[in-house]
Amino acid sequence: MMRRTRQPFILVTLVLGLLLMLVGLTATLSAAQDAPPVSPAVASPLHPVFPLLDVDGAPVIGSGKPVSTLKTCGECHDTAFITQNATHNGVSTFTGGSTPGYGDDLLAAYLNNTKDVPAGAVEMNCFLCHTAQPNNAARVSALQAGDYAWANTATLLGTGIVEQTGNGWIYNAAAFDETGALKRDYVTVQDPTSAACGQCHGVVHTDAQTPLTFDATGLDIGQYKTLTTGQVMSPQRLSSSGLNLADKNALSRSWDVHAERVLNCTNCHYSLNNPVYFTESSEDRPDHLVFDPRRMDFGEYLKRPLHQFAKGQSAVTPEINNTMRRCESCHSIEATHNWLPYKERHTEAMACETCHIPQVYAPALESVDWTVPAADGSPHTAWRGLAADDPALLTGYQPVMLPRANADGSQSLAPFNLVTSWYWAYGDEAQPVPLDSVKAAYFDGETYAADVLAAFDVDGDGALSDTERLIDTAAKETFIAARLKTAGFVNAKIVGEVQPFAINHNVAWGDWAIRDCRTCHGEDSRLTAALVLSDRTPGGALPTFTSLEGFTASGLHTDDTGALRYEFKPAEAGLYIFGHSAVDWLDWLGVLFFLGTLAGVTLHGGLRYLSVRRRVPQQAELKRVYMYSVYERQWHWLQTALIFGLIFTGLVIHKPDKFGIFSFDYIVQVHNILAIILLINAALAAFYHLASGEIQQFLPKPHGFFNDAIMQAKYYLRGIFKGEEHPFAKTRQRKMNPLQQMTYLMILNVLLPAQVITGILMWGAQHFPDVTASLGGLPFLAPLHTIVAWLFASFIVAHVYLTTTGHTPLTNIKAMISGWDEVEAHDSGLNPKEQTS
Amino acid sequence: MKDFKYIWVIGLTATALIVVVPIILFVSASETPTNDPWQYVPERLPDVSHAALMNEPFATGQDVTRACLDCHPSAAQEMAGTAHFTWLSDPVPLEGKTELVQVGKVNLLNNFCIGIQSNWTGCTRCHAGYGWSDANFDFTDTNNVDCLVCHDQSGGYAKAASGLPAEGVDLLAAARSVGTPTRENCGYCHFNGGGGNAVKHGDLDESLYFPAEEQDVHMGRYDFQCVDCHKTENHEISGRAISVSVDNANQVYCTDCHTGTVHEDSRLNAHTDSVACQTCHIPSGATREATKMVWDWSTAGDPTREESPHEYLKIKGSFVYEDNIMPTYAWFNGTVDRYLLGDPLDPDGVTTLNPLNGDISDPNAKIWPFKVHVARQPYDTLYNYLLQPQTVGETGYWTTFDWNSALENGSRVTGLPYSGQYGFAETEMNWTLSHMVVPKENALQCTDCHGESGRLDWLALGYNGDPITWGGREEQE
């Protein structure tokens, strides 16, 4: 059980570990080199001046001690309350890795070169988010050096308040007034900006005019969201950025439409009791109240602001999951998506992000292979979103779609990145082998051990290149496992995990969202496009897919190049995608039936033709009979047109790739309209037949029906070739022979209702989804609808052919046009009653 | 039952109607039609070759004009009535003036070369006429109209002092080449306003002869000529510049072609009542060539100072040129007030020669982008008004470097008394940025004006704060 809950964190952990040493190094360097700019930030227009206090509550300018944030800010704000109600109190000890909730224990195991900051050693760091120019690098550097007491104060380095000298930290007297309070110009306290969030969460660039640049594959964990998904928060147009993006000039969309529309991180991720955003839940409100004016006032909020921030769903701090407003809380789908057929169905089956984040443009981690560490302990990494032939060119990537469990219990497809990682595990519990020990298994001091080189150094140059750092044979795995065993790690084996990372930012507005139906409704539906997870599978074992709530993926497989791929299988999520999700064997069955019918009538017709040639033509006596009333003919031909239309449009919907010139959404609408007309036409015809009594035409006479049917069948099989007369004469009163009656009974009672009901239910996925779902849902109904359509098509072939069996091939068709039939004027087969009528 | 031969026609028609009509009625069209601006762009007629019509060698420009008038008898008469020839407006009302006034280059002061009076021979190089060298120019002589400067397509036509053809110009070749005016014709004067390329406007310079599409979407991407927008009838060219005009009659607007609902995005459309198209679609001025932002006449005449065309000239003083200028944004209802000769000024303040009309409470005003040109220019320290110096000619400042005599000479022409005591006062002029419209992909974005680092000073514009949170102008009262 413990193992299960830790699963999702392992990969994050591994990922986090990737650049930790770099972070430490660069932090130290930059802290040392950056000359502190003196108070370049604009002073806060609102926040009062205040003294910086030490832990004893004495002004630091006097005591020279480190600043206590809790004491300093606690003069006015309830810092005890804030600390207790904060999801971000851990930032004070965040050194680029050990984020609480991300599995510090594993990090500690893996990252032997980073210091574990003891719990409680550092107060919650208010300055990091609430001052204009926090010095995160100096803060991390202090933590790395074990200088916990000064870590928060170090955040102020560069503001002119404090300076670091060889002997320690010295406050700048010029920044303080005679009472020990900071001078006005040095008070830069502010609401957290997006840039403040970006210090730890990902690349944030709020200036639309200055081109955004960053080392896309050199990200550290401080750009966590960007590292794992490629998300970049900036209002800037991609075309204006400084990145080497493919087809850049055409990319006039912004990185993120919300950033573009002047939203900050905190506009969505607000403090949960911020009176500007907070709305009481409607469940608590008495029915007679629409709005409860008794609100928390700002003074109270500022004293005790919750430092839990509205969020969606994630493994971190699940207790405040789904406190954030969702897309539809702000956006009206009703007002904007009228062009989209089956709007409700689409929005039920798919998250907004699915269409509105069609592409992530910055690279993201693809895979991390820790099994053969480099000399600095770093893993082999691969990135998604780089051009295959030129890694310096950023192409971005299309997220993979996975079913996401929503707050309301529903499930919808949403975009994800998948990051695969491999590491050594040991024992029955498959515990990760600490990185130090893995490294020890490979290294002899600072260089790879001689027999490791012998096993891995393919080109024999005495060093392991990036491509040589790969366990691609069982022999290599056994070899290292043996070395690990020597070190005490029994049953060491390579374990792989695939971790989904949700993508919710970098939303594009309508013009850049997916609008073409056939992006998904087609053979190459991007919903099922294979995502390459890795070009390697160390140890040969398929990694396990870290499950999403309510969904277990099974689409992992290696292709013939050895690359690991994932394909989403819609059926596993209970989805049937029109134009894509055909059930192949059912289609083949339908085709077979259709072709069989075609072949049958061709053979029959051919034989008839030959037999007629061999026969002396006989001129039977004919008489003209008014066979079909105007309404019957109109009803028939209208139905003909509709059925042809429905079969054709249905075929386009079923196989849109074969009919590229047609607009998918137009054809879908036409199909529905035709179906409605057909239904009305059928209902009117049913009424006509019932009211006029013509319904009798369709009702077989129970007495002797089978004999009659056999007689008719024998006629088609034998008599017709000999020029025999029809066994049953067609009359105004009895237009149909027993086989026809049987066929129409089937069609009217089985096929037509089946098609109508499945059709209505499929349409109902939009309007009454529960009913549709309870009757099998689209994955059941749609294939049924398809096979019945094939049967209808086959019927039409037979039907049309059989019209040619009149006294001339066109007689019957002409009769259905003019109403006047020419029937043989003989009396065989007529029953006595009809003869006399 | 009768056998009606054509019953199938009726049946087929009925069937077709029953099927097709509901489809047409109920299936929604996927694309909504937009207003196509191209319908307003005039069709360009091919030029009629005049090569065979012009045979005589021409001695003077007027000879060419006479030849033109043989076939286009009303053309010169039309031209002679337009501001391109008269350099003077129709009578217009002006705030603070009891009578209608006629304004134009003829009688106005600006803060570049200051004014044409007493300087005609230099300034009228850009006059669409011949021989305007003093106050006595005959505007009624239609032979003085210069057809070639606008219609020459040989590329070899040039004008010299008093607007006469430059020495060595092949008038016959020019006359044979005539056609519809191109950017080269208009640009010959308008790209060089203020005495050189890109000096004056900030949105018109010689880069527009061969504009890139990112620079100007109309001229760059679609190869517009000036007259495609500045539609012209009977030689009356539409368009107004607030440096010389105070009204907005006959103005050219973006919405002449971009009609109806211009943006797909309703949030953007909500801006169009308060924000001029230019504001977002011309993010910066002088994107290719630096334009003059500051001209300090008071430093002129220093023989010791090193000359550099974009920094200091002895005859003109010192300059500041800037490129990619961030426009100045202000409310503007399309009309301006105007400093006229003799109007008083505050020598310690800044005198705006063409103050913008409109503010946040003016429903016709919108926020517009401007190039604001600042200068220090001579004024009469006793009478407190700006003076017109003579700069051109033997007795002009550019020859004598004597302000006193230059101002005396100029004042003699303008009739405005000069006390003999002069100083230099700070003035500014507003220049609308209306050309160099960038492709929409490069227009300003929300964050350029709104939010933490917006470029607009909302308080100065009369808002209580950023309208993204405070609401639009209607909600500011």
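In the predicted model, the buried residues of α24(A) (buried: 20 or more other C-beta atoms, placed from the backbone, within 10 Å of a residue's own) include Phe664(A), Ile667(A), Val668(A), His671(A), Leu674(A) and Leu678(A). Helices (H or I, at least four residues) and strands (E, at least two) are DSSP runs numbered from the N terminus. The cover over the buried residues of α24(A) includes α23 and α26 (738-767) of chain A as well as α1 (7-26) of chain B. With 29 residues, α24(A) reaches 41 Å from its first C-alpha to its last, close to the expected 42 Å (1.5 Å times one less than the number of residues).

Between the chains, 32 residues of chain A are in contact with 24 residues of chain B (contact: C-beta atoms, placed from the backbone, within 7 Å). At least two residues of the side of chain A that touches chain B are supplied by each of α23 (630-654), α24 (664-692) and α29 (811-818) of chain A.

Elsewhere in chain A, three strands form an open antiparallel sheet in the order β13-β16-β15, pairing being defined by at least two DSSP bridges between two strands. Its edge strands, β13 (531-534) and β15 (556-558) of chain A, each pair on one side only. Antiparallel strands β13(A) and β16 (residues 564-566) of chain A are joined by three bridges; Ser534(A) has Leu564(A) in β16(A) as its bridge partner.

Residues are numbered from 1 along each chain as its sequence is written, and chains are lettered from A and ligands numbered from 1 in the order in which they are written. Local features of this predicted model need pLDDT of at least 70, side-chain atom pairs count only at pLDDT 80 or more, and totals for chains, interfaces and linings use all residues.

How values were computed
Two residues are in contact if their C-beta atoms, placed from the backbone, lie within 7 Å. A residue is buried if 20 or more other C-beta atoms lie within 10 Å of its own, exposed if 12 or fewer, and partly exposed in between; C-beta atoms are placed from the backbone.
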